Amino acid sequence: MHWVLPVLLAVIGVTALLVVTPVSGYRPWPYLKPNSSNLMFGGSKKFEGSSEFIHMRYHMGPVLTANITIHPIWYGRWQKSQKKIIREFINSISAVDSKHPSVAGWWKTVQLYTDQTGANISRSVLLGEEKNDRFYSHGKSLTRLSIQSVIKSAVTSRTKPLPINPKSGLYLLLTSDDVYVEDFCGQVCGFHYFTFPSIVGYTLPYAWVGNSAKLCPGVCAYPFAVPQYMPGLKPLKSPNSDVGVDGMISVIGHEVAELATNPLVNAWYAGQDPVAPVEIADLCEGIYGTGGGGSYTGQLLNDKDGATYNMNGIRRRYLVQWVWNHIVSYCTGPNALDQ
């Protein structure tokens, strides 16, 4: 494949932004369009997204150097088993003793990014207090603005409100498989931004990720599900026996990595447009292992039951996309064969 940097910038300029402009519309291949790593490949030293034409720059904004706390908001109906899969993934980010290749090893690339004082992204990522919204307080169809209203309800609730932590708290809104979010499936599988004080009362970094199991697994849970228009392509077996949630894990990793390095959309990104920045996970969408790029995920691992993964958590296994390493200017991950 070939690199097309001018085309990339042109495509980014017309990304669907609507009223609220969340960045990082995560879309795994084969649906890569804006912010897509498949526009970056060429005659490069490393095939995994490498390009001398990519300039990830620091724009002097804050990054998350203090201990990071993630506050999940469970919107809709969630099974206990599904929550356990996601909770362990979050806890695995700081589990440095996990078996190699590990989620903690994946986070080491994120830690390479610094603020203007030279302080690195925090190694500590903790699972914080959680909030359940099982009765769909804002309905089963959410807009980008109503997502902020859901977060407001969680932090201002009369009973057990989530703590307000603008400096190192991340608010992760997770919608169940019967909830539709604006642009879900058609354009994005998840996104991140920050809340508006006019709506929430505070500026809080947040991300939304949806369970696509019923709505569009072939789009957002790929490669554990495949689209109908690709007959003959078999889905891979998911490592935790839940296609929707296993598909969410990589999207959650994508958004958390970008929230840590660009929480207010004024820190680390490539390109000239801060409204539609190309961030550290955007550059590596669809790349999960050595040789990945275009329509190939890269070399992955299989457990004894035939499930596919590329990194270990505390007790579980996960498939998580790689992220951009600005030191070496290519996508890296803990399961790289040259490590």
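Q: Which residues of helix 2 meet which residues of helix 6?
A: Gln82, Ile85, Ile86 and Phe89 in helix 2 meet Val245, Met248, Ile249, Ile252 and Gly253 in helix 6, where contact means heavy atoms within 4.5 Å. The helices (H or I, at least four residues) and strands (E, at least two) are DSSP runs, numbered from the N terminus.

Q: What sort of model is this, and how are the residues numbered?
A: This is a predicted model, in which local features need pLDDT of at least 70 and side-chain atom pairs count only at pLDDT 80 or more, while totals for chains, interfaces and linings use all residues. Residues are numbered from 1 along each chain as its sequence is written, and side-chain values use heavy atoms, with hydrogens and water left out.

Q: Back to that pair: at what angle do the axes of helix 2 and helix 6 cross?
A: The two axes cross at roughly 30° and come within 10 Å; axes here are lines fitted to C-alpha atoms, for helices over the stretch in contact, and angles run from 0 to 180 degrees between N-to-C directions. Helix 2 and helix 6 are therefore roughly parallel to each other, given that angles under 35 degrees count as roughly parallel, over 145 as roughly antiparallel, 65 to 115 as roughly perpendicular and the rest as oblique.

Q: Is the crossing of helix 2 and helix 6 left-handed or right-handed?
A: The crossing of helix 2 and helix 6 is right-handed. A crossing is right-handed if the near helix is turned clockwise from the far one by less than a right angle, and left-handed if anticlockwise.

Q: And where does helix 3 touch helix 6?
A: Helix 3 (residues 103-111) and helix 6 have axes that come within 10 Å and cross at roughly 30°, and helix 3 passes helix 6 in a right-handed crossing. That contact is made by Trp106, Trp107 and Val110 of helix 3 and by Gly253, Val256, Ala257, Ala260 and Thr261 of helix 6.

Q: How many residues of helix 6 are buried?
A: Helix 6 is mostly covered, with 18 of its 19 residues buried, where buried means under 20% relative accessible area, exposed over 50% and partly exposed in between (1.4 Å probe, protein chains only). Helix 6 reaches 28 Å from its first C-alpha to its last, close to the 27 Å expected at 1.5 Å a residue; the expected span of a helix is 1.5 Å times one less than its number of residues.

Q: What about helix 2, which residues are buried there?
A: Helix 2 (residues 80-92) has 13 residues, and the buried ones are Gln82, Lys83, Ile85, Ile86, Glu88, Phe89, Ile90 and Ser92.

Q: Which residues have the most contacts inside the largest nonpolar core?
A: Those are Ile86 and Trp107, in a core that has 81 residues. Helix 6 (residues 243-261) gives the most to this core, with nine residues. A nonpolar core is a set of buried Ala, Val, Leu, Ile, Met, Phe, Trp, Tyr and Cys residues joined through side-chain atoms within 4.5 Å.

Q: What is Trp107 in contact with?
A: Leaving aside its neighbours within four places in sequence, Trp107 is in contact with Ile68, Ile93, Ile121, Ser122, Arg123, Val125, Val256, Ala257 and Ala260.

Q: Where is Ile121 found?
A: Ile121 is found in the loop between helix 3 and strand 3 (125-127), and at 2% relative accessibility it counts as buried. Beyond its neighbours within four places in sequence, Ile121 has contacts that include Val63, Leu64, Ile68, Trp107 and Thr261. Ile121 and Ile68 are 53 residues apart in sequence and 9.1 Å apart in space, C-alpha to C-alpha.

Q: Changing topic, which peptide bonds are cis?
A: The bond from His100 to Pro101 is cis, with omega near -10°, and Pro101 is in the loop between helix 2 and helix 3. Another cis peptide bond joins Tyr222 and Pro223, with omega about 10°, and Pro223 is found in the loop between helix 5 (217-220) and helix 6.

Q: Which residues other than glycine have a positive phi?
A: Among them are Met60, with phi near 75°, and Asp183, with phi of about 75°. Met60 counts as partly exposed at 48% relative accessibility, whereas Asp183, at 12% relative accessibility, counts as buried.
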